[in-house]
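Have the viewer open as you read.

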Amino acid sequence: MRQRLIVTGAVAAVLALTVPASAADGPSPGAPGAGDSYYPDYGNGGYDVSHYDLRLKYQPKTDELSGTTTVLARAEQDLSRFNLDFALDVKEVHVNGRKAKVSATGSHELEITPAEPLKKGERFSVVVRYSGVPSEVEVGGYTSWQRTPDGGVAANEPESAWWWYPSNDHPSDKATFDISIAVPKGYKSLSNGDLVSEEPAGGGWTRSNWRSGQPQATYLATMAVGKFDVTKSKTESGIPVVNAYSESLGDEDGSARASIERTAEITDWLETVFGKYPFSSVGGYVPATGAGFALETQTRPFYGNARFKKGTDVSVVVHELAHQWYGDSVSVRKWRDIWLNEGFASYASWLWSEKEGEGTAQEIASEVYESYPANDPFWKVSPGDPGAENQFHGAVYDRGAMALQALRNKIGDKDFFKILEGWQTERKGGNARVEDFIEYSEKVSGKSLSSLFDTWLYKTSKPKKPALGGEVNATNGKQDRPKSWDEIQAVHGAHRH
């Protein structure tokens, strides 16, 4: 889907040399990365964030953003200094109320030295004041900030936070959020979670205050400013639904609404598959960015308006809402675990197709299997560890979903759906590895599944037909494919930039 930076081996080696010395040597710098093999300089070490408070002011006409972000964290070692990930201009930084030294290092790092070292276990606050024009700030030759005719949007993966708030930018360090956005009269702002209040801010400005009370990964935070039509409703189970559409969608307006307005219905259905919805609100928004991708920003997925040029796209809504359980509530431990996000969201679209009578999950799996000959590069990508360059490869989605169909065929529907729901219940709000899911599946089913998962997630060759289970039949052309085939395949385009 999305733009991403690949850190070279040479850079990774340099980062490895900067790992802090042992605590026995006294206070030392926190690591400049979270230890992710795909993105060694993403996130930071030495502390754990519990809460972000963002107080922002945005001028849509000029794309000027100013803000003050307060980070509440706990030191995990004696810290002489620590890093935050950020790319805009910083005016000043305070740690525990005292001015700290700050310098910009690397492509997106703030190196912060507090007036006094922080002790292991100490809770501390960091206040960062900053400003800039996000669309003009490039890291690695691009910006994740999306300009629109009437404002701007922050939504991308695996990085988007750098352009609008400083953070420990790695999904392993989740936190709660308060996001307050002031915009000129006539404009609206959107973010995650619940709209706590909306009030005049003086001088013709309006301030909206949003709260995410459940843990949230930094890349799942979103901000959008523009001229939106906002609709509100509730699911059958009483969950508030907030959807928004740019007033500049033009011909795409009808198909966008016909897709996103099914959010409540789809959420109710997903609760029957994955269990109780994990957050306090749900919804989606469609700004006029011209983008063709979608993103599972927590509680309020982003949908690029180009998704709807050819008509409605319900499958992408199912996909992004499924991520609220798989990816948002239970997040990856490292980016190599991306199958836990994309394989499951893809399979949710297959289950929706099955429910709608447009092709069963088995029929779709069979079609995928037959679509790629044994020598196709598709089979060279391992969904269980695809590599940073293949993080959003089609194999992570399609082969990843086939792994789940193979599991379903192996252990039967009763245990399979018990796993899909139980996994979410046990790990709500946390992080997980692919290995954790395999272990959990074996525990619930009572079967050894290492060979099955090795075949579908790690081997770089096309599995033999019996490995999938069920019936695998070749089609004689497009007319024999499941009715949902084209729409489901288009979802993958929504997740590749």
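In which loop is the place of Asn-96? Asn-96 sits in the loop between strand E4 (89–95) and strand E5 (98–99). A quick word on the ground rules: this is a predicted model, where local features need pLDDT of at least 70, side-chain atom pairs count only at pLDDT 80 or more, and totals for chains, interfaces and linings use all residues. Residues are numbered from 1 along each chain as its sequence is written, and side-chain values use heavy atoms, with hydrogens and water left out. Helices (H or I, at least four residues) and strands (E, at least two) are DSSP runs, numbered from the N terminus.

Most residues other than glycine have a negative phi, and most peptide bonds are trans. Asn-96 is not a glycine, yet has a positive phi of about 55°. Thr-299 is not a glycine either, and its phi is positive at about 70°. Thr-299 belongs to the loop between strand E19 (294–295) and strand E20 (302–303).

Are these two buried or exposed? Here the cut-offs are under 20% relative accessible area for buried, over 50% for exposed and partly exposed in between, with a 1.4 Å probe and protein chains only. Asn-96 comes out partly exposed because its relative accessible area is 36%, while Thr-299 is buried because its value is 3%.

There is a cis peptide bond to look at too: it runs from Glu-157 to Pro-158, with omega near 5°. Pro-158 is found in the loop between E10 and strand E11 (175–184).

**Strands and sheets**

Two strands pair if DSSP finds at least two bridges between them.

| Strand pair | Bridges | Residues opposite each other |
|---|---|---|
| E9 and E10 (residues 151–154) | four bridges | Arg-147 and Gly-152 |
| E13 (residues 194–202) and E14 (residues 205–216) | seven bridges | Pro-200 and Thr-206 |

E13 and E14 form a hairpin with two residues between the strands, and there Gly-203 takes a positive phi near 65°.

**Helices**

For the twelve residues of H3 that gives 16 Å, and the end C-alpha atoms are 16 Å apart, so the two agree. H3 is also mostly covered, with ten of its twelve residues buried. Among them are Ile-266, Trp-269, Leu-270 and Phe-274, but also Asp-268 and Glu-271. Just after H3, Gly-275 takes a positive phi of about 95°.

Next, look at helix H5 (residues 339–356) and helix H6 (residues 361–371). Their axes come within 8 Å and cross at roughly 125°. Axes here are lines fitted to C-alpha atoms, for helices over the stretch in contact, and angles run from 0 to 180 degrees between N-to-C directions. Angles under 35 degrees count as roughly parallel, over 145 as roughly antiparallel, 65 to 115 as roughly perpendicular and the rest as oblique, so H5 and H6 are oblique to each other. In contact terms (heavy atoms within 4.5 Å), Tyr-347, Trp-350, Ser-353 and Glu-354 in H5 meet Ala-361, Gln-362, Ile-364, Ala-365 and Val-368 in H6.

**Nonpolar cores**

A nonpolar core is a set of buried Ala, Val, Leu, Ile, Met, Phe, Trp, Tyr and Cys residues joined through side-chain atoms within 4.5 Å. Which members of the largest one touch the most others? Of its 72 residues, those are Trp-339, Trp-350 and Phe-437. H5 supplies the largest share of this core, nine residues. Apart from it lies another core, of 69 residues, including Tyr-47, Val-128, Met-223 and Tyr-285.

Leaving aside neighbours within four places in sequence, Trp-339 is in contact with residues including Phe-344, Pro-383, Val-396, Phe-437 and Leu-457.

Key
The expected span of a helix is 1.5 Å times one less than its number of residues.
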